[in-house]
Every structure is written in structure tokens, then in C-alpha cells.
Amino acid sequence: MNRPWLFPGTIALLVLVPTLGRAQDVNDLQAKVAQQLETLRQELIDVRRDLHRHPEVSGEEERTAGIVADRLQKLGITVRTGVGGHGVVGVLEGSQPGPVVAFRADMDAVTSDATDPVEFRSLKPGVRHICGHDIHVTIGLALAEGFAAVRDQLRGSILFIFQPAEERATGARAMLADGVFRDVKPAAIFAYHTAPFNVGQLATASETLMAWRDRVRVTLSGTGDLAAAADEVRNRIRDVGTVSQERAAEAAPYDAILVQVGRPRRGSGGTVVVATISTANLGARQLVEAQLAQLDFEDVSLRISYEEKWVAGVTNDPELVLQAQESVASVVGPDGVTLLSNVNPAFSEDFGSFQQEVPGVMLFLGVSNPAEGWVGMPHTPDYVADEESIFVGARAMSAVLLDFLNGH
Ligand SMILES: [Zn+2]
């Protein structure tokens, strides 16, 4: 971690400012941002509930993007719309020169027919925000409000990225292909994902936070017994999960993988088996290919191709993780932020595509509240997020961004 060089005469100041050895003006800025969030508390909750009532699936985020662009423009933020679909990019320039740092929020919702437990339930049948992207968007807008209120004292710029189509794992790549960093390239990028920790608790991990993913397609053709061969292919791919778990016990815990194998179906060129493999490293793909290479059928040939190859995992920059951890701790206390040591192979997130261009950190933001019976496990039918997470999240992220801009 980089700290500013301090003159001996500043020791008295340090006693007054114990957190982070931060300059007093940065602490003042952070307090002003926090004050603005409190002033706008009800308005931000209303924004979140409006987004929650009007969820939009991947590729259809027109209304959400319109609300985001409007609010950013009203704050005097330079806005680009239609970036990689319904993506919105805003640049808030501070009054003093300095680095650029980005915050990314995804906007899309999920299909679900289950009844929404909250009063402000989805008005769109079959679509709900059960991954918390309405919380992410609201935090992005809260940060824009907070930083716009202090822009005349702000050093550097903040790039706000509101991303479409995360659930389809295509939005980040589409925004990159459409030049999301064309005009302004950040030196670092940060993001949240809601998680079933208690509200007030955050977590992250150095390097792998979420899995990489392949979707492999095996096509069987020939005059032999295609059905029997397809069953054997499915068994061999499933074995990859077991083999990998055995390896994980003795090698890297990040080797853990999740394998989902579809039923065989008729496709172009023969019988097709499709499997999704989530992993933290390249080893799983090599295992799949090695397993299939051992198969030898009479009058049946195999062809391996990939419907998705290497959807980027969320891979955090270790140095930035340490910085972010300290910044977040200044808001929620040292016990409020945990460093995880295990990747969850059930989840992936295309934030990883941005991290291939710019070093960054994704943090899990706790949204559960056991006293109320609210559990924020993404993609579960009873998903409920405590709205206090908007304010905890925005305060903590404002500290992360301010510390980055001011050289911590
Ligand atoms: Zn999500």
C-alpha cells in the first residue's frame, strides 16, 4: 500500500486522524459524501423500489438505462448511452487533476415465477430482481449523487459503468467491444455483488473470487450406437467433477469445479451433448479433453467444440484488494470485511472481462438480515435484500474510490 510521504510536523495531525493515515481533506470529503447519501436516503430507496417493480431481463434494460442516464445528466455528468446494447457510461470529472477510477453496476434481472416476498413486488410477470442488480444500480446512482456534491473538491475522475446483459454473460464484452474505455480509461475498476452475508458485512478475495466457465459441445456422428456413446461421453464429463475434487484435496483449493451435463439431443452433424464446466483454472478444460480422448467407439467419431470458451472469472488484483480492504474497514470496522480463501464454482460474473483490461476488485456486499428473515442468496426464489445495504455499500465504496484517487 502506498502512503503519502509525511513530514514530522504532521504527526499531530495523524493523532487526530487515526484511520488509514488519510489526509484530513479526504476524510472531510468522505463525510460530505456520506451526508449527501443521508439527505437523499428516501429518494434512493424510492429509486431502488421503482427499479425492483420494473425488472428487465438481459438485453432489454431500456427503461433502467433511461433512468440511469437521466439522473446522471441532471448531475452534470457527461453521459454516453447505447454502449454495447443498453449500457450507460458517465464520467464525473473532479476539479483537480488526478487518476481515473471506475465503478461498475450491472442492470439486468432474472426470470422467476415465484412470488416476490416484498411489498414493492415486480409488476412484470415472470421477471424479478433476485440477483440484486437493482441494489447495484442504486449504489452507482448514490455514488454519483455523493461525488457530484463534492466535485469542486474532488481530485481525478470517476467513470460510472452501468452494464447490461450480465446474466447472459455477454454485456461486459459487448461494452468493451463498443469502446467503453475509448474516451477515458480508468487505472482501476471496482464493483459489488450482493451476497447472503448479513448487512454491514463485506467480503472479497485476493485473485479468484468467482469461477471461469466453459460450455463444451461434443458432437457424435457415424453409423455406430450413438445413444450408448453419448451416455458414455456424459459419464466421462461428469467424472471430471470427481477427479477434480480429488485433486483439489491435495492441490489448489481453487481447482474445485462444477459440471452440469445436458441430455443428448439431435443436432447438426449428429448427436450433441452440451456441458457447462465452471472452474478456477485451465485444468478442468484439460481434464475434460483428456477424459474424452480416452474414449474409443466403434463407428462413432467425436468432435469437441466450445459454445462458450473461457468466460472470464472474477480475478481480483491482490494489491488493490489490500487497499480496498483497508478503505472498507474504515467504514464498517475491521470485522466488517472478510478475505475469503475459496472460490464458489456455482457462480460466475462477467465483471472478469473488465478485469482483463483494467486491474480491479469485486466485493461481496452482505444484504441478509436474519432478524427480519431476509436472505439475499442470488437466484433463489425468496431473495430479499435489506435496503440498508445501499447505504453501507455506497459509504464503503466512496472510501475505496476516494482512497484510490488520493494515492492510498
Ligand atoms: Zn448478479
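Trainee: What percentage of the 408 residues of the protein chain count as buried?

Mentor: This is a predicted model, and in it 53% of the 408 residues of the protein chain count as buried. The chain has 11 helices and 17 strands, and it exposes about 17,100 Å², of which carbon and sulfur atoms supply 50%.

Trainee: How much of the contacts with a separation of 6 or more comes from residues 24 or more positions apart?

Mentor: Sequence separation is the thing to read here, and in this protein chain residues 24 or more positions apart account for 80% of those contacts with a separation of 6 or more.

Trainee: Which residues coordinate the zinc ion, and through which atoms?

Mentor: For a metal site, begin with the donor atoms and then go back to the sequence. The zinc ion is coordinated by the SG atom of Cys131 and by the NE2 atoms of His133 and His193, at 2.1 to 2.3 Å, and the spacing of these donor residues in sequence is C-x1-H-x59-H. Cys131 lies in the loop between strand 5 (127-128) and helix 5 (133-148), while His193 belongs to strand 7 (residues 188-198), so that this pair, 62 residues apart, links distant parts of the chain.

Trainee: Are Cys131 and His193 buried or exposed?

Mentor: The cut-off to keep in mind is that buried means under 20% relative accessible area. Cys131 counts as buried because its relative accessibility is 5%, and His193 counts as buried because its value is 6%.

Trainee: Which residues have the most contacts inside the largest nonpolar core?

Mentor: A core is read from its members and then from the elements that supply them. The largest nonpolar core has 65 residues, and those with the most contacts inside it are Phe147, Phe162 and Phe190; helix 11 (residues 388-405) gives the most to this core, with 11 residues. A second, separate core of 24 residues includes Ala191, Ala195, Ala205 and Phe364. Leaving aside neighbours within four places in sequence, Phe147 is in contact with several residues, among them Val33, Ser398, Leu401 and Leu402.

Trainee: Where is Gly146, and what does it touch?

Mentor: Gly146 is in helix 5 and, not counting residues up to four places away in sequence, touches Val33 and Gln36. Gly146 counts as buried because its relative accessibility is 0%, and its C-alpha atom is separated by 9.2 Å from that of Arg395, 249 residues apart along the chain.

Trainee: At what angle do the axes of helix 3 and helix 4 cross?

Mentor: For a helix pair, take the distance and the angle together. The axes of helix 3 (residues 41-53) and helix 4 (residues 62-74) come within 11 Å and cross at roughly 160°, which makes helix 3 roughly antiparallel to helix 4. Glu43, Val47, Asp50 and Leu51 in helix 3 meet Arg63, Thr64, Ile67 and Arg71 in helix 4.

Trainee: What is phi of Ala169, and what is phi of Glu207?

Mentor: Most residues other than glycine have a negative phi. Ala169 has a positive phi near 55° and sits in the loop between strand 6 (155-163) and helix 6 (171-177), where it is buried, with a relative accessible area of 7%. Glu207, in strand 9 (residues 207-210), has a positive phi of about 65°, and at 44% relative accessibility Glu207 counts as partly exposed.

Methods. Residues numbered from 1 in each chain as written. Predicted model: local features only at pLDDT ≥ 70, side-chain atom pairs only at ≥ 80, totals over all residues. Heavy atoms only, no water. Donors = N, O, S within 2.8 Å, 3.2 Å for Na, K, Ca; no water. Helix = DSSP H or I, 4+ residues; strand = E, 2+ residues; numbered from the N terminus. Buried < 20%, exposed > 50% of the residue type's maximum accessible area, 1.4 Å probe, protein only. Contact = heavy atoms within 4.5 Å. Areas by Shrake-Rupley, 256 points an atom, 1.4 Å probe, with all protein chains shown as cover. Core = buried A, V, L, I, M, F, W, Y, C linked by side-chain atoms within 4.5 Å. Axes fitted to C-alpha atoms, helices over the stretch in contact; angles between N-to-C directions. Parallel < 35°, antiparallel > 145°, perpendicular 65-115°, else oblique.
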